[in-house]
Amino acid sequence: MPRILPLFTKALTDSWRSTLAWALGLTGACMLYLPIYPSIGGSSQMQELINALPPQMTKALNYDQIATGPGYTQATLFGLIGFLLMSMASVGWGAAAVGGDEESGLLELTLAHSVTRVQVVLERALAIVVRVAALSILVFVLVLGLNGPAQLNIDVGHLAGAVLLFAALALLSATAALFVGALTGRKVFGVAAGAAVAVLGYVFNAVGRQSPKVEWLLNLSPYHWAYGNSPVVNGADWGVAAGLLGISAALIVLAAVAMQRRDVGV
Amino acid sequence: MTQAIVVEGLRKKFGRREVLHGLDFAVEAGTVFGVIGPNGAGKTTTMRCLLDIIRPSAGTISVLGQDPRRAGTGLRRRIGYLPGELQLENRTTGRRMLDHFAAISGPVEPRYINELADRLNLDLDRQTRKLSKGNKQKLGLLQAFMHRPELLVLDEPTSGLDPLVQQQFHAMVREAVDAGATVFLSSHVLSEVQQAADAVAILRDGDIVTVSTVEALRTAAVRQLKFNAIGTRTDDVGALLARVPGVANVAVRELPADGHAARTVEATASLSGPVQALVQELARLNLTDLVLEEPDLEEAVLTLYAGSDVAESDNTGISDGAAANRSVGAGRNLKEGAHHA
């Protein structure tokens, strides 16, 4: 009996455990950080503490903006803990999708069946997109739910835009991991590529904000492209969102092309 | 007769290392074709090329009349493949795994899955990570057979299977062939192939040493001969054996008289080729005991391996050279026949 998108549905059902685990992690992060905003970000004592910190440090951590609810959410959740969890999840999925599968010897048997390599890459990429979207929607719902109780005063439209950038940034890491995994057939190279996008993006942003001399680093940081104008505070730059998603789409296509031309499992 | 697989000039390089040096062979539709050779000879690489998992560096391949590189999914639906290094997912059951492969393969009757699982004595509802190597192999076989493919490509199919299950496997192969399928299988042990295969290719270091039928191997093979005779002399027995073509390594001695009513001559020798001439000569003797062993095909193959070495290095130092040459000749004939058919 022919089923619709068999590899896609399998990828989703196979990963429900990890998806659930990351969902719990993100829920925990929202629940821990956001409700304490009134006693941290909004308190004058905290503001004095932050003022006492070296300005380089507050800039690196984006803590220069945590005096407001949206700035606090941007800096702590989207900019730090949520970004970290989401990047780890998506890099893992991206690297495992093709490179990890090939390395473990499973891909050979899949490809011996009635599927094309392009189909394998595309269906598994789609499964990653769906998982990232699901986690992002979860974050959107959680922040929205805590918006009132935690006195965050976030504009719903700005939140939606920030969540879209949050998802697009994760997808960029995921598709970089997918592409390098498909190119090399090795999971570890995929992980390295995906992690490089996330970590270097973060580091370039943190360093680039320190002084005008190294500002050019910001141009190399996807993290800065997405979060440079604090989307939770100011609303998303839709062009950036489209650009990030476009690069991800291109990486997926490249992964399919790389896969198409290669010997598998050697 | 049509050919299910035709391979011409197949070469494969990994980087600078060439692992297949221009293979030529053809597999007739509806037959079982076995490839034997030591590990690393190129059996797995050849099979992966047939499935388009690996792309040849040179040469042409035709599988069921199509180029696997271009044929796409329709062709692979008609093939059942068992990888040599079978890896299965851990967190699933056999049934769920087979369901998935059924979804990305030809139509599968659920009843047939159960039937095969019963025959192989395999529990489909156990977690795959808890299965023994043999049981994993059974799952691999099941996914290759379950959509009743026209061509089965099986890399070391009996590895890890106990003898009873191996018999069951050979029966499945026979049934598939009776139903019109072609089977291409590999092994590093000849005894496995000789049970199942109609034709055998011997692969070594990326070259086909010979293509032959199991029958041809059998006639080329060396049998051990041992008999006791009374009322004769050692010299006479020696002379008699010398007249028989294919007899070598003759050793004749007189047994000590104690315990024997008459003077007994014991002879041992090896025989290659047909037995008729030997039987005629032996009929002249008054035999008290005769043992003519089943030919050891394993030995025959080793002879062929050695034979090709010798051919490359001046044809010396081999006692069974005649046997080797004859068999190589037979192989060539068969190959020619296949190409012109």
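Arg55(B) is found in the loop that runs between helix H1 (43–50) and strand E4 (58–63) of chain B. In this predicted model, Arg55(B) is buried, because its relative accessible area is 8% and the limit for that class is under 20%. Beyond the residues up to four places away in sequence, Arg55(B) touches Arg117(A), Gln260(A), Arg261(A), Arg262(A) and Asp263(A) of chain A, together with Lys12(B) and Arg69(B) of chain B.

**The contact between the chains**

Two of the residues touched by Arg55(B), Lys12(B) and Asp263(A), meet each other through their side chains in a salt bridge (2.6 Å, N to O). This pair crosses between chains, from strand E1 (residues 3–14) of chain B, where Lys12(B) lies, to the segment after H12 of chain A, which holds Asp263(A). Both Lys12(B) and Asp263(A) are buried.

The count of salt bridges between chain A and chain B is 3. Another pair with one residue in each chain is Glu89(B) and Lys10(A), whose side chains meet at 3.0 Å, N to O. Glu89(B) and Lys10(A) also belong to a network of salt bridges that includes Asp14(A).

In the contact as a whole, 26 residues of chain A meet 26 residues of chain B. The size of an interface is often expressed as the accessible area lost when the parts come together. Chain A and chain B bury about 2500 Å² between them, and 54% of that area is on carbon and sulfur atoms. On the chain A side, Glu108(A), Leu109(A) and His113(A) lose the most area to chain B, together 25% of what that side buries.

**Salt bridges**

Over all chains, the structure holds 21 salt bridges.

| Pair | N to O distance |
|---|---|
| Glu102(A) and Arg262(A) | 2.4 Å |
| Lys12(B) and Asp263(A) | 2.6 Å |
| Glu89(B) and Lys10(A) | 3.0 Å |
| Arg95(B) and Asp125(B) | 3.0 Å |

Arg262(A), another residue touched by Arg55(B), forms its salt bridge with Glu102(A). The two residues come from distant parts of the chain, 160 residues apart: Glu102(A) is in helix H5 (residues 69–103) of chain A, and Arg262(A) is in the segment after helix H12 (238–260) of chain A. Glu102(A) counts as buried because its relative accessibility is 8%. Arg262(A), at 14% relative accessibility, counts as buried too.

Within chain B, Arg95(B) forms a salt bridge with Asp125(B). Here the partners are 30 residues apart, with Arg95(B) in helix H4 and Asp125(B) in the loop between helix H5 (110–120) and H6 of chain B. Arg95(B) has a relative accessible area of 32% and is therefore partly exposed.

**Helices H6 and H7 of chain B**

Two packed helices are described by the angle between their axes and the distance between the axes. Helix H6 (residues 133–145) and helix H7 (residues 163–178) of chain B have axes that come within 12 Å and cross at roughly 10°. H6(B) is therefore roughly parallel to H7(B), since angles under 35 degrees fall in that class. From H6(B), the contact is made by Lys138(B), Leu141(B) and Phe145(B); from H7(B), by Val165(B), Phe169(B), Met172(B), Val173(B) and Ala176(B). By class, this contact has 7 nonpolar residues, 1 charged residue and no polar residues.

Thr92(B) lies in the loop between strand E5 (79–82) and helix H4 (94–103) of chain B. With a relative accessible area of 4%, Thr92(B) is buried. Its contacts, leaving aside neighbours within four places in sequence, are Met97(B), Arg126(B), Gln127(B) and Thr128(B).

Thr268(B) is found in strand E12 (residues 264–272) of chain B and counts as partly exposed, at 29% relative accessibility. Not counting residues up to four places away in sequence, Thr268(B) touches Leu225(B), Lys226(B), Asn249(B), Val250(B) and Ala251(B).

Most residues other than glycine have a negative phi. Asn249(B), one of the residues touched by Thr268(B), has a positive phi, near 55°, and lies in strand E11 (residues 247–254) of chain B. Ser230(A) also has a positive phi, near 50°. Ser230(A) is in the loop between helix H10 (222–227) and helix H11 (231–234) of chain A, and is buried, with a relative accessible area of 11%.

Note on methods: Residues are numbered from 1 along each chain as its sequence is written. Chains are lettered from A and ligands numbered from 1 in the order in which they are written. This is a predicted model: local features need pLDDT of at least 70, side-chain atom pairs count only at pLDDT 80 or more; totals for chains, interfaces and linings use all residues. Side-chain values use heavy atoms; hydrogens and water are left out. Helices (H or I, at least four residues) and strands (E, at least two) are DSSP runs, numbered from the N terminus. Buried means under 20% relative accessible area, exposed over 50%, partly exposed in between (1.4 Å probe, protein chains only). Contact means heavy atoms within 4.5 Å. Axes are lines fitted to C-alpha atoms, for helices over the stretch in contact, and angles run from 0 to 180 degrees between N-to-C directions. Angles under 35 degrees count as roughly parallel, over 145 as roughly antiparallel, 65 to 115 as roughly perpendicular and the rest as oblique. Ala, Val, Leu, Ile, Met, Phe, Trp, Tyr, Cys and Pro count as nonpolar, Asp, Glu, Lys and Arg as charged, and the others, Gly among them, as polar. Buried area is the accessible area (1.4 Å probe) that two parts lose on being put together, summed over both. A salt bridge is a side-chain nitrogen of Lys or Arg within 4 Å of a carboxyl oxygen of Asp or Glu.
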